[in-house]
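Me: I have a structure open and would like to go through it with you. Could we begin with the aromatic rings?

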Amino acid sequence: MTTIDTAAITVVLPEAFDERWSRLPGIQVDGRRITIDPAKYFFRFESHTWLVADWELVKSRLLDVEETTESAVEQLALEFVRNHAESTADAARVLTIAHEVYAYLFRDEHLAGLGLPQITADHLRMLREAATLMALNKVELDGRISNVGPCWFFPAATSVVFDLDDETGGMLDEVYHGGWFNEHHRIESIKAHAALGGRLVHGCQSVPDQSGGVVAPYGASMGGFRDDLAAFKAGWLEQVYAHRVTSAA
């Protein structure tokens, strides 16, 4: 692992997280308090700054703004990031904002129109927790993936933490991708992710590929992103699965 900062990250969030997150190296959950040891948690941790915007500002100035024939929603989000986002070295602030973003995107009211009766409110909670932790991952403008934690590999991490079988883990991954969103919710997602300084991008084509995703800054090289991901994926994915709890355990 490459790291430039090994100071512990501690945050107290509005909701308690599942204590089984502690199955993964370097993360300890005690109710609403989460403590992360970067040296043990991350596979690669080269940057300790993130681009964020105040969630209350996103709610008041962006979520209700409509795109027009001359200004697409992506342009609105980019302009908002330009005007309101700032760099922070406070990882707890990133996690707090991310929790707000995903509490909004994966709220229970979506269940009725989801079209996936097997997805429950508990599954949405799992998505909120995993996506919140994924916000610490980072991609640079040249496409290099500077921060990579186990939640990069979404189905693998959730299978370890929540004892999900491959089918359920894959299904949750599809929900995270936004494949279940209609266009209204895709637009909602683009606007909400402005609070995390960019847009949600994925390295995978489908669940079996399992190449994860990250909130990347607008303008980041997707070619560089793809190449860097291909270089590390297999070995680190195997390490995440190694923490899976078997029925015999």
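Me: How many aromatic pairs does the structure hold?
Reply: The structure, a predicted model, holds eight aromatic pairs. Rings of Phe, Tyr and Trp (its six-membered ring) pair if their centres lie within 6.5 Å; planes under 30 degrees apart count as stacked, over 60 as edge-to-face and the rest as tilted.

Me: How are phenylalanine 42 and phenylalanine 45 arranged?
Reply: That pair is stacked, because the ring centres of phenylalanine 42 and phenylalanine 45 are 4.3 Å apart and the planes are at 15 degrees. Phenylalanine 42 and phenylalanine 45 are both buried, where buried means under 20% relative accessible area, exposed over 50% and partly exposed in between (1.4 Å probe, protein chains only).

Me: And phenylalanine 45 with tryptophan 50?
Reply: Their ring centres are 6.4 Å apart and their planes are at 35 degrees, so this pair is tilted. Tryptophan 50 is buried, as is phenylalanine 45. One aromatic cluster is formed by Tyr41, Phe42, Phe45 and Trp50.

Me: What should I know about the numbering and the cut-offs behind all this?
Reply: Residues are numbered from 1 along each chain as its sequence is written. Local features need pLDDT of at least 70, side-chain atom pairs count only at pLDDT 80 or more, totals for chains, interfaces and linings use all residues, and side-chain values use heavy atoms, with hydrogens and water left out.

Me: Changing topic, which strands pair with E9?
Reply: Strand E5 (residues 44-45) pairs with strand E9 (residues 145-148) in the antiparallel sense over two bridges, and arginine 44 stands opposite valine 148 in E9. Strand E8 (residues 138-139) also runs antiparallel to E9, joined by two bridges; there, valine 139 stands opposite isoleucine 145. Two strands pair if DSSP finds at least two bridges between them. Helices (H or I, at least four residues) and strands (E, at least two) are DSSP runs, numbered from the N terminus.

Me: What happens at glycine 143 in the hairpin?
Reply: The hairpin of E8 and E9 has five residues between the strands, and glycine 143 takes a positive phi near 95 degrees.

Me: Which residue does arginine 144 meet in a salt bridge?
Reply: Arginine 144 meets glutamate 46, at 2.5 Å from N to O. A salt bridge is a side-chain nitrogen of Lys or Arg within 4 Å of a carboxyl oxygen of Asp or Glu. Glutamate 46 lies in the loop between E5 and strand E6 (50-52) and arginine 144 in the loop between E8 and E9, so the pair ties together parts that are 98 residues apart in sequence.

Me: Finally, which residues touch the most others in the largest nonpolar core?
Reply: They are Trp21, Tyr102 and Trp152, in a core of 79 residues. Helix H4 (residues 91-105) gives the most to this core, with ten residues. A nonpolar core is a set of buried Ala, Val, Leu, Ile, Met, Phe, Trp, Tyr and Cys residues joined through side-chain atoms within 4.5 Å.
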